[in-house]
Amino acid sequence: MPHPGLQPTGTAHQQKKGDLMAGIDPGREATESQPQRRLRSHRLDDWLRRQDWMEGAAGAVQSAVGAVYGALGAPGRGLKNLLYGTKALGHPLHPTITDLPMGAWTAGVVADYVGRVTHLVPPQAGDIGLAVGIVAALGAVATGYTDFYNTYGQERRYGLTHAVVMTTSTLLMVVSLGVRWLAGEEGSWLPIGLATVGLLLAFGGAYFGGHLTFALGTMVNHLAFVEGPKDYVEVGPAADFGEGTMHLVDAGGMPALLARLDGRIYGIADVCSHAGGPLHEGKREGDVVTCPWHGSRFCLRNGRALSGPATFDQPALDVREQDGIVKVKLNRPLH
Ligand code: FES
């Protein structure tokens with residue numbers, strides 16, 4: 001859902017792309033293999049779009065996640081903000097955690113094979129790798145399902161696929177560890193095989209997670225490609241900005257939300273950092289605005305993200321009233 005006023009990457013980026021393209025041999029561009037490659041890369045995307053049954057399954061999972069947080073009440077809201085990354089990091093928590101199980105499981109499976117073939121590594125090394133990875137995976141699963149709660153459309157189908165594959169991978173690791181403990185010293189190839197399949201599944205699941213972020217923009221900062229005014233620009237007569245209302249203005253190409261609080265005008269970027277929601281259509285309570293799309297809350301005075309799913313703060317504006325005219329500029333550079 002793009003914001004109607006959202007500015008694209010900018011002419012500087014387009015110029016850069018044009019410069020790069022100018023150096024490419026046009027004969028190479030026109031080969032037939034390139035369009036065929038693109039079609040192949042879209043097959044999975046097209047297949048997922050045909051799986052209408054996934055809507056019901058994804059909705060059921062999202063409802064279950066919502067029910068768990070709802071049952072937890074106020075502590076649940078705090079936990080959710082922690083797992084989004086809004087409170088502790090100001091950055092999504094899920095990608096910060098996911099490397100831990102992947103690394104520990106990879107080390108564990110490698111230790112399994114090296115130990116079994118060469119006897120240079122004790123068999124417990126693989127067990128420890130798996131156990132550490134499972135503990136870390138609990139955090140990855142909790143943060144992942146929390147992020148999944150606010151997905152929709154095609155990203156929701158990718159999210160469900162990612163969740164199912166990664167959850168299955170984690171369960172295989174748990175079963176592998178259980179088999180090791182039951183077997184004691186008489187280790188067999190079964191737990192090693194289970195862990196190997198679990199690790200391969202985790203690599204496959206990571207592809208879907210990466211696609212969610214890099215191709216579909218899930219949980220990325222939706223202001224990453226927005227330009228804003230570095231110097232003061234006029235946005236309208238001061239008399240237009242009455243107390244108690246929110247105003248959408250064009251701040252040098254960047255949609256901005258201005259509101260007068262106790263006589264002073266404050267401004268932040270209007271495009272919600274979470275998924276691009278129009279903040280000026282949200283609800284204002286005092287100096288807090290709530291995004292109309294997924295309910296993230298931001299402080300109007302400084303843009304701070306107070307609750308998720310947004311994790312990044314909104315860029316704030318310096319606002320000046322001069323000769324009856326309101327002028328704004330970014331209070332710090334965006335890029
Ligand atoms: S767009 Fe999701 S909370 Fe604003």
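Tutor: What follows is a walk along the strands, then a look at the helices.

This is a predicted model, in which local features need pLDDT of at least 70, side-chain atom pairs count only at pLDDT 80 or more, and totals for chains, interfaces and linings use all residues. Residues are numbered from 1 along each chain as its sequence is written.

Start with strand E3, residues 254-261. Helices (H or I, at least four residues) and strands (E, at least two) are DSSP runs, numbered from the N terminus. E3 is mostly covered, with 7 of its 8 residues buried. Buried means that 20 or more other C-beta atoms lie within 10 Å of a residue's own; exposed means 12 or fewer, and partly exposed is in between, with C-beta atoms placed from the backbone.

E3 pairs with strand E2 (residues 246-251) through 6 bridges, running antiparallel. Two strands pair if DSSP finds at least two bridges between them. Asp250 has Pro255 in E3 as its bridge partner. The two strands form a hairpin with 2 residues between them. Gly252 in that turn has a positive phi of about 60 degrees.

E3 also pairs with strand E4 (residues 264-269), again antiparallel, over 6 bridges. Here Leu258 is bridged to Gly267 in E4. E3 and E4 make a hairpin too, with 2 residues between them. Asp262 in this turn has a positive phi of about 50 degrees.

Next comes an open sheet of 4 strands, in the order E5-E6-E7-E8, with antiparallel pairing. E5 (283-285) and E8 (305-307) each have a single partner strand, so one side of each is left without a neighbour in the sheet. Strand E7 (residues 297-299) and E8 pair over 2 bridges. Arg297 has Ser307 in E8 as its bridge partner.

Now the helices. Helix H5 (residues 53-84) and helix H9 (residues 153-183) pack at about 70 degrees, with axes 10 Å apart. Axes are lines fitted to C-alpha atoms, for helices over the stretch in contact, and angles run from 0 to 180 degrees between N-to-C directions. In this contact, Met54, Ala57, Ala58 and Val61 of H5 meet Arg156, Arg157 and Leu160 of H9. Contact requires C-beta atoms, placed from the backbone, within 7 Å.

Finally, Gly129 lies in helix H8 (residues 123-148). Gly129 is buried, with 23 other C-beta atoms within 10 Å. Its C-alpha atom is 6.1 Å from that of Ala107, 22 residues apart along the chain.

Conventions:
Two residues are in contact if their C-beta atoms, placed from the backbone, lie within 7 Å.
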